[in-house]
Amino acid sequence: MNMVPLLAHGDLDAVFAWSADGPISVGDYLADAHWLAEQLPATGYLLNLCHDRYRFAVGFAAGLLRGMTSLQPSSQSAETFRRLQTEYAGLVCLCDGAADTLDLPRLDFPADSSCIPTVNRKKGPKTKSAIPEFPADHLAAILFTSGSTGLPQAQRKTWGKLVANGRAEAVALGLDRRPHAIVGTVPVQHSYGFESTFLLALHGGCAFWAGKPFYPQDIAGALAAVPQPRLLVTTPFHLSALLSAEIELPPVDLLLSATAPLSTTLAAQAEAHTGAPMHEIYGSTESGQLASRRTTAGAEWTLLPGVRLEQDGDDTIACDGHVEGRVTLSDLIELLPDHRFLLHGRHADLVNIAGKRTSLAYLNHQLGAVPGVVDGAFFLPDEEGPDGITRLTAFVVAPGLTSRQVSVELRQRIDAIFLPRPLVLVDKLPRNSTGKLPRGDLQALYAEKVSHGGR
């Protein structure tokens with residue numbers, strides 16, 4: 001049986017994470033995980049709802065020690081919990097704060113770690129634990145798609161492939177040669193946050209900040225709390241808000257973005273503000289991370305070590321390396337020599353009107369470039385209009401502008417046939433915690449503002 005260690009660290013005194021109380025060593029992490037494993041019931045699935053990144057990490061390792069599988073939904077809604085309860089019998093929730101988990105069995109992580117008998121770091125003797133190992137084919141986690149294109153779908157991840165994913169990303173970003181302290185603005189349950197903070201700590205030699213800062217001042221505070229070199233793992237949505245705040249940041253050595261296309265304009269602004277190179281990760285919950293690029297260096301992506309792409313007509317299939325099986329990607333991809341490729345948008349984003357084609361990604365990029373537009377998204381609704389025609393709609397956050405002013409500016413940037421009808425001004429868009437726009441939420445907004453005559 002092929003066994004894979006929990007961590008690549010060989011030094012139990014090395015820093016695994018940073019909290020408000022200071023550094024947490026690898027040895028303390030192992031002790032915490034063993035203690036929690038003893039509290040977990042004998043069941044198959046652990047619904048790890050911890051917001052604190054370190055407590056999530058302890059829960060994940062404790063689940064592995066008990067032979068469990070970590071369930072990591074992108075949403076913590078009542079509807080999601082009811083669905084999981086039906087599909088995964090015997091699951092238990094692990095929480096570290098207030099959470100409405102309906103009638104699901106739950107275990108609450110102690111708010112004060114000093115009450116954990118084996119992890120009283122200041123008073124008790126430290127226990128030296130060996131690094132545990134787990135079968136490579138163990139079903140370690142089930143991740144769920146975000147729902148941006150429909151109902152969230154479960155994606156099964158084995159322990160060996162997850163470890164290979166973390167190692168491949170570390171090599172691609174150079175973190176295997178120079179580990180960084182990671183501050184992440186994305187939830188650790190989300191595939192991007194899971195891979196680029198937690199897995200990089202386990203098998204990339206990095207240490208992470210335990211919190212999940214959201215507001216610009218909190219991000220600056222978290223960066224200041226960890227040593228250089230520092231890596232900020234974020235999204236275009238969070239990055240834009242951070243730069244708009246115009247606050248002074250501690251030195252940052254590397255920036256990483258994913259979950260949505262990052263414009264070269266925003267990437268250049270981020271590099272100018274921080275002095276750090278701005279990189280992007282490409283991938284999906286289904287495939288895992290596949291490629292990276294420095295956004296300002298050009299449009300080409302380079303595959304992560306071991307990953308391969310094949311093309312079958314218009315479809316592109318990811319395989320090998322840390323990819324589970326063969327995954328048909330949702331994007332239009334042009335393969336290039338030397339493990340590189342160009343990304344031309346998503347199949348589902350293509351819009352064809354009167355023989356002319358474009359993509360929602362392109363339209364959203366042009367909308368976002370209109371001066372005064374804070375946020376915005378085109379949307380192609382499920383239903384037809386009264387005249388039997390499905391029309392492009394746009395939801396726009398643009399304080400101080402009228403819909404007509406936005407339309408006039410858009411007409412200068414896109415073909416008139418793709419102008420939204422209607423263009424609806426809103427106070428904010430229904431973005432989730434990673435900045436994505438679930439299609440179901442946009443459809444609900446459409447029903448409220450357009451179908452029901454609310455505009």
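Two strands are said to pair if DSSP finds at least two bridges between them. In this predicted model, strand E19 (residues 315-319) meets that condition with E20, to which 2 bridges join it in an antiparallel run.

- In soluble globular proteins, nonpolar side chains tend to be buried together.
- The largest nonpolar core here comprises 60 residues, and Leu-6, Phe-16, Tyr-29, Phe-60, Trp-159 and Phe-198 have the most contacts inside it.
- Helix H2 (residues 53-65) is the element that gives the most to this core, supplying 8 residues.
- Another core, of 24 residues, lies apart from the largest one and includes Ala-207, Trp-209, Leu-243 and Met-278.
- When neighbours within four places in sequence are left aside, Leu-6 is in contact with residues including Tyr-29, Leu-30, Ala-61, Leu-64 and Trp-159.
- Further contacts of Leu-6, on that basis, include Ile-131, Pro-132, Phe-134, Leu-202 and His-203.

**Packing of helices H2 and H5**
- Helix H2 packs against helix H5 (residues 191-203) at an angle of about 90°, and their axes are 12 Å apart.
- Because angles of 65 to 115 degrees count as roughly perpendicular, H2 is described as roughly perpendicular to H5.
- On the H2 side, the contact is made by Arg-53, Phe-56, Ala-57 and Phe-60, while H5 contributes Gly-193, Phe-194, Thr-197 and Phe-198.
- By class, this contact of H2 with H5 has 5 nonpolar, 2 polar and 1 charged residues.

**Strand E16 and its partners**
- Of the 7 residues of strand E16 (residues 288-294), 6 are buried, so the strand is largely enclosed by the rest of the structure.
- Strand E15 (residues 278-284) pairs with E16 in the antiparallel sense over 6 bridges, and 3 residues separate the two strands in a hairpin.
- Within this pairing, Ile-281 stands opposite Ser-292 in E16.
- E16 also pairs in the antiparallel sense with strand E17 (residues 301-303), over 2 bridges, and Ser-292 stands opposite Thr-302 in E17.
- The hairpin of E16 and E17 has 6 residues between the strands, and Gly-298 in its turn has a positive phi of about 140°.

- Strands of a sheet pair through backbone hydrogen bonds, either parallel or antiparallel.
- Ala-318 has Val-327 as its bridge partner in E20.

Technical notes: Residues numbered from 1 in each chain as written. Predicted model: local features only at pLDDT ≥ 70, side-chain atom pairs only at ≥ 80, totals over all residues. Heavy atoms only, no water. Core = buried A, V, L, I, M, F, W, Y, C linked by side-chain atoms within 4.5 Å. Buried < 20%, exposed > 50% of the residue type's maximum accessible area, 1.4 Å probe, protein only. Helix = DSSP H or I, 4+ residues; strand = E, 2+ residues; numbered from the N terminus. Contact = heavy atoms within 4.5 Å. Axes fitted to C-alpha atoms, helices over the stretch in contact; angles between N-to-C directions. Parallel < 35°, antiparallel > 145°, perpendicular 65-115°, else oblique. Nonpolar A, V, L, I, M, F, W, Y, C, P; charged D, E, K, R; others polar.
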